[in-house]
Number of protein chains: 2
Amino acid sequence: MSSSQRKPARRSTGARRSAEAEEAILQAAGEILQEAGYAGFSIEAVARRAKAGKPTIYRWWRGKADLLLDAYHRQKPEIPVPDTGNLEEDLTVFVGTLLEHWRTTPSGNIFRSVLAEAQNDEAAAEAVRDYALDRRDHIAGIVKRARDRGEVASDTDPHAVAELVISFAWTQLITHRWPGEAELRAILRLIARGAKAERA
Amino acid sequence: MSSSQRKPARRSTGARRSAEAEEAILQAAGEILQEAGYAGFSIEAVARRAKAGKPTIYRWWRGKADLLLDAYHRQKPEIPVPDTGNLEEDLTVFVGTLLEHWRTTPSGNIFRSVLAEAQNDEAAAEAVRDYALDRRDHIAGIVKRARDRGEVASDTDPHAVAELVISFAWTQLITHRWPGEAELRAILRLIARGAKAERA
């Protein structure tokens, strides 16, 4: 299991999944996203292509946004989590790669559309909130490694650091801005310095 | 002019505005937002109520989102910018008040809807991007005051600090999360510490 894989815990509980059917559904969802983008994505279309029943999908995913986020995440190339021994560097590379991925592939618009839907739809909002928490845990892992090597103050909460990193990346996406290398580094340096500083 | 008022510079250039007509349009836009929310807001409805021509509105605002953001901003109570002599405290109070305002008034949903529209509409995206930059300037002012009193490292860019503050607040809104007092403070402490730390 890759380190960037999402935790199954966030998926709906209940019925034991058939691994094969799950794979077929995610495969179909990914293909539809690639071919038709967000606008062409629906539970119905996924069910048809995966030869699965809609109820099966609804038993395992909480709705369109939930399934879409799983498919979106699977398509994302593994964003490298460098382990350079320097938190500022690790975070700068991580966020830079993520923004570049959003900017140069359909992924950016797909994720934007999910975020848009989450503003007016409760199920989508819940899916996005869970996804944010999942990504926060993932980034907190980078911070914990830095803490283990003594680069982060003992009273720094890795999740708070991760929250800032995600907030910055997502806000760049939704405001359609692509920071240059210098601006990106200045921001991540600020976060890394904050993580490092002992209480005054 | 209050310190939180937006710079006229972000508005469309060209025709000299009549202050009276502008006031009537903003007044009408504000009333419609209050009465009918985002869903009932349109350039047409504002023009009708303000007894203004639609071309007049389009000459001064770049579209619905642009006018809506002006009306939204006017309705926001002045968020106090405390000057406690402590950056962490100033930022915590500022962001806490903003989130509370979003959480307890229709403002939160209105702003969410504009952000949603900006994900699929170029004119709305431009209006939101300008609004973000305007708010960043405003918050950078808080940081500059802290720098003037020697509380911020000389090589810290106040705009980078402000960017993090805005990103955090906006991301809480779009992921429908309302951090508790302790979480809020931990985040703003991290930012304030980062701003304070001299280059290692």
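**Chain A at a glance**

UniProt, in an unreviewed entry, puts the feature "domain: HTH tetR-type" at residues 19–79 of chain A; such annotations may be inferred rather than shown by experiment, with feature names shortened and positions in the numbering used here. This is a predicted model, where local features need pLDDT of at least 70, side-chain atom pairs count only at pLDDT 80 or more, and totals for chains, interfaces and linings use all residues. Residues are numbered from 1 along each chain as its sequence is written, and side-chain values use heavy atoms, leaving out hydrogens and water.

**Confidence**
- Chain A has a mean pLDDT (the predictor's confidence in each residue, from 0 to 100) of 89, and 90% of its residues get to 70 or more.
- Residues 1–5 of chain A stay under 50, with 10 contacts (heavy atoms within 4.5 Å) beyond four places in sequence.
- Residues 7–15 of chain A also stay under 50 in pLDDT, and there the model has 20 contacts beyond four places in sequence.

**The annotated span**
- Residues 19–79 of chain A are 74% helix and 0% strand, and their end C-alpha atoms sit 25 Å apart.
- Helices (H or I, at least four residues) and strands (E, at least two) are DSSP runs, numbered from the N terminus.

**Two helices packing**
- In chain A, helix α1 (residues 19–36) packs against helix α2 (residues 43–50) at an angle of about 120 degrees, with axes 8 Å apart.
- Among the residues making the contact are A:Ile25 and A:Ile32 of α1(A), plus A:Val46 and A:Arg49 of α2(A).

Definitions and conventions. Chains lettered and ligands numbered in written order. Axes fitted to C-alpha atoms, helices over the stretch in contact; angles between N-to-C directions.
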